[in-house]
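Please examine the structure before reading on.

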There are 2 protein chains.
Amino acid sequence: MSIAKNSPDQSGEDFDYDLLPGLIGYNLRKAQAAAFQDFSESLKGCDITPGQFGVLVLIEANSGLNQTRLGNALGIDRSTVVAVIDRLEGRGLVAREPAPSDRRSYALRLSEQGRALLHRARALVLAHEERIAKGLNSKEQAQLIKLLSRLGGAS
Amino acid sequence: MSIAKNSPDQSGEDFDYDLLPGLIGYNLRKAQAAAFQDFSESLKGCDITPGQFGVLVLIEANSGLNQTRLGNALGIDRSTVVAVIDRLEGRGLVAREPAPSDRRSYALRLSEQGRALLHRARALVLAHEERIAKGLNSKEQAQLIKLLSRLGGAS
DNA sequence: TATTGTTATACTCTATAACTATA
DNA sequence: TATAGTTATAGAGTATAACAATA
């Protein structure tokens with residue numbers, strides 16, 4: 001096996017990427033794919049995806065929020081949130097509790113197990129961040145985050 | 001409807017994102033999601049995804065390449081390439097031709113229709129790129145691409 | 001009427017393992 | 001033995017449309 005998983009072509013032969021390397025979108029996709037792969041390996045012990053990590057963080061930091069607000073914060077549809085929470089609840093990491101003020105909605109909370117897993121995951125995520133950004137110094141990392149946050153009208 | 005599709009929380013109420021805004025991975029995901037959304041809207045007439053656009057570009061620029069090399073160039077598994085090409089072939093945009101030198105593999109080519117669609121798509125993609133990067137000047141755009149390309153060990 | 005959560009449905013992307021044909 | 005493509009299978013992410021319960 002001469003080519004590692006998910007790595008770009010290394011076959012020495014000429015390959016023409018045309019306009020792709022000049023596109024922000026293409027570089028974004030590639031960088032995100034690389035980050036996703038490293039994330040998965042780094043958090044193998046926790047078995048969570050970047051999106052699930054974000055959900056756990058937001059629930060812990062905003063305990064009692066409902067699914068609609070969580071979806072708005074993440075920029076995903078309510079119907080998508082259902083499946084995300086289903087998985088997390090199925091693993092005993094998140095609980096749907098009755099919301100005191102509105103019987104249509106749930107108050108989302110982390111279980112003890114969820115809190116413990118998130119604690120472990122945080123440390124692994126920080127190590128993962130260091131690894132993917134090891135080619136950049138702190139100033140460049142800050143610059144990258146600033147530029148990314150200004151993309152897509154988040155302004 | 002006070003909240004636009006896939007936009008971050010605008011409910012005025014306090015919301016705690018905790019460590020997320022400081023993570024490269026989180027900002028990468030957010031930026032990519034915004035770019036994907038804009039791409040989809042921009043290329044509605046062509047009905048292709050960013051990944052499919054990349055495949056069409058690479059096939060045109062490297063006519064006759066096989067699925068394995070394409071997968072290597074994109075960093076995706078051979079089995080994933082099959083479904084991707086199936087869809088494109090099903091729409092008559094790509095053709096699997098017998099490879100002259102190796103009867104195990106196909107030589108991928110764009111159909112006339114595929115070439116025409118790619119021609120239209122290129123213009124739309126460039127407009128899309130301008131739109132998502134409208135908050136950045138040329139120097140910042142170049143800087144962003146440079147920083148992104150140095151993430152994930154692509155070094 | 002509007003909102004929350006849900007279900008049904010659908011599409012894309014992704015991978016692993018095992019298989020066939022060919023090298 | 002190794003490689004190219006395929007299939008079966010699985011999981012995650014995403015959305016739209018329609019529905020029940022509640023506001």
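**A glutamine in chain B**

In this predicted model, the backbone nitrogen of B:Thr49 lies 3.0 Å from a polar atom of the side chain of B:Gln52. B:Gln52 itself belongs to helix H2 of chain B, which covers residues 50–61. Its relative accessibility is 12%, so B:Gln52 counts as buried, the cut-off being under 20%.

Leaving aside residues up to four places away in sequence, B:Gln52 touches B:Asp47, B:Arg87, B:Leu88 and B:Arg91.

**How the two chains are related**

Chain A is superposed on chain B by a rotation of 180° with 0.0 Å of shift along the axis, at an RMSD of 0.0 Å. This is the relation of a two-fold axis. Both copies use the same surface, since 100% of the contact residues of chain A recur in chain B.

**The interface**

In the contact between the chains, 61 residues of chain A meet 61 residues of chain B. About 5,700 Å² is buried between chain A and chain B, and carbon and sulfur atoms give 64% of this area. In chain A, the residues that lose the most area to chain B are A:Phe15, A:Ile24 and A:Arg69, together 11% of what that side buries.

Four salt bridges are counted between chain A and chain B. One of them joins A:Arg122 to B:Asp18, with the closest N and O atoms 2.6 Å apart. Across the interface, 16 residue pairs are in polar contact. Helix H1 of chain A gives the most to the side that touches chain B, with nine residues. The residues of that side comprise 31 nonpolar, 18 polar and 12 charged.

Note on methods. Residues numbered from 1 in each chain as written. Chains lettered and ligands numbered in written order. Predicted model: local features only at pLDDT ≥ 70, side-chain atom pairs only at ≥ 80, totals over all residues. Heavy atoms only, no water. Helix = DSSP H or I, 4+ residues; strand = E, 2+ residues; numbered from the N terminus. Buried < 20%, exposed > 50% of the residue type's maximum accessible area, 1.4 Å probe, protein only. Polar contact = N/O pair within 3.5 Å; in protein donor to acceptor, adjacent residues only side chain to side chain. Contact = heavy atoms within 4.5 Å. Least-squares fit on C-alpha atoms with pLDDT ≥ 70 in both. Buried area = accessible area lost by both parts, 1.4 Å probe. Salt bridge = Lys/Arg side-chain N within 4 Å of Asp/Glu carboxyl O. Nonpolar A, V, L, I, M, F, W, Y, C, P; charged D, E, K, R; others polar.
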